[in-house]
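User: I am new to this structure. Please show me how to read its features, one at a time.

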Amino acid sequence: MYVRRVFIKDDAEEIIPDWLSFVKGIVDSEDLPLNISRETLQQNNVLKVMRKNITKKCLEMFASIQENAEDYKKFYEQFSKNLKLGIHEDTQNRNKIADLLRFQSSKSGDDFISFKDYIARMKDGQEKIYYVTADSFNAAKNSPHLEVFRKKGIEVLLLSERIDEWVVSHLNEFDGKPLQSV
């Protein structure tokens, strides 16, 4: 962190949320005083604005990466847990973060799909986004709870990471469609 091109400190956890801890960069502010103390820094409104703007820029950057499927796949493999943590930590941007999430489904094979993809493929009359949680992908894929949905031709999201249960407990709906465990 710099103020008017003068180095202030190396780690500025105050200006970036924990779920974006993988993002590295330099911030140079003209709005902070040079002789700022740590206590003053923690209570400064400029930092709150900086934090909000940095989060917004990161979400915009992730959305631009999302436009190239191969690049986003590499990005998502590395940082999916951070994005999922963002669902819990960042209530203001929860919908934007949810739009970045990807899951395997009962019909997607090895591919990962977004909530928007799932909603676009929903059957007529289907009102909910269905999911199943399990300890592994194979356990989720072979869950006996899926038999009824397979017979009806309804796609089910397969959530196989431990953090996924936490995600669905904080994300009750997406795009007006409630999430429902099978």
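This is a predicted model: local features need pLDDT of at least 70, side-chain atom pairs count only at pLDDT 80 or more; totals for chains, interfaces and linings use all residues.

## Reading the model

User: How many residues does α2 have, and what length does it reach?

Analyst: Compare the span with the one expected at 1.5 Å a residue. Helix α2 covers residues 45-66, which is 22 residues. From first C-alpha to last it reaches 32 Å, close to the expected 32 Å.

User: Let us step back. How many helices and strands are in the chain?

Analyst: The chain holds 8 helices and 8 strands. Of its 182 residues, 42% are buried.

User: What share of the contacts joins residues 24 or more positions apart?

Analyst: Count the contacts with a separation of 6 or more. Residues 24 or more positions apart account for 67% of them in this chain.

User: Now two helices together. At what angle do α3 and α8 pack?

Analyst: For a helix pair, read the angle, the axis distance and the handedness. Helix α3 (residues 69-89) and helix α8 (residues 162-170) pack at about 30°. Their axes are 8 Å apart. The crossing of α3 past α8 is left-handed.

User: Which residues meet there?

Analyst: From α3 come Lys81, Lys84, Leu85, Ile87 and His88. From α8 come Ile163, Asp164, Trp166, Val167 and His170. The residues of this contact divide into 5 nonpolar, 2 polar and 3 charged.

User: Which residues of α8 are buried, and what covers them?

Analyst: Ile163, Asp164, Val167 and Val168 are the buried residues of α8. They fall within an arc of 140° seen down the axis, so they line one face of the helix. Their cover includes α3, β5 (129-133), β6 (157-159) and β8.

User: Where does Ser169 lie, and is it buried, exposed or in between?

Analyst: Ser169 lies in helix α8. It is partly exposed, with a relative accessible area of 45%. Check also what sits across from it. The C-alpha atoms of Ser169 and His88 are 8.9 Å apart, although 81 residues separate them along the chain.

User: Take Leu159 in β6. Is it buried or exposed?

Analyst: Leu159 is buried, at 1% relative accessibility. Next, read its contacts, leaving aside neighbours within four places in sequence. Leu159 is in contact with Phe103, Tyr131, Val132, Thr133, Ala134, Asp164 and Val168. Its C-alpha is 8.2 Å from that of Ser136, 23 residues apart along the chain.

User: Where does Glu161 lie, and what does it touch?

Analyst: Glu161 is in the loop between β6 and α8. It is partly exposed, at 25% relative accessible area. Beyond four places in sequence, Glu161 touches Ser80, Lys81, Lys84 and Ala134. Glu161 and Ser136 are 25 residues apart in sequence and 7.0 Å apart C-alpha to C-alpha.

User: What is the phi of Asp175?

Analyst: Asp175 has a positive phi of about 55°, although it is not a glycine. Its place is the loop between β7 (173-174) and β8 (177-181). Asp175 is exposed, with a relative accessible area of 60%.

User: One last stop. Which residues does Lys177 touch?

Analyst: Lys177 is in strand β8. Residues up to four places away do not count here. It touches Ile119, Met122, Gln126, Glu127, Ile129 and Asn172.

Key:
Residues are numbered from 1 along each chain as its sequence is written. Side-chain values use heavy atoms; hydrogens and water are left out. Axes are lines fitted to C-alpha atoms, for helices over the stretch in contact, and angles run from 0 to 180 degrees between N-to-C directions. Helices (H or I, at least four residues) and strands (E, at least two) are DSSP runs, numbered from the N terminus. A crossing is left-handed if the near helix is turned anticlockwise from the far one by less than a right angle, and right-handed if clockwise. Contact means heavy atoms within 4.5 Å. Ala, Val, Leu, Ile, Met, Phe, Trp, Tyr, Cys and Pro count as nonpolar, Asp, Glu, Lys and Arg as charged, and the others, Gly among them, as polar. The expected span of a helix is 1.5 Å times one less than its number of residues. Buried means under 20% relative accessible area, exposed over 50%, partly exposed in between (1.4 Å probe, protein chains only). The arc is that of the directions from the helix axis to the C-beta atoms.
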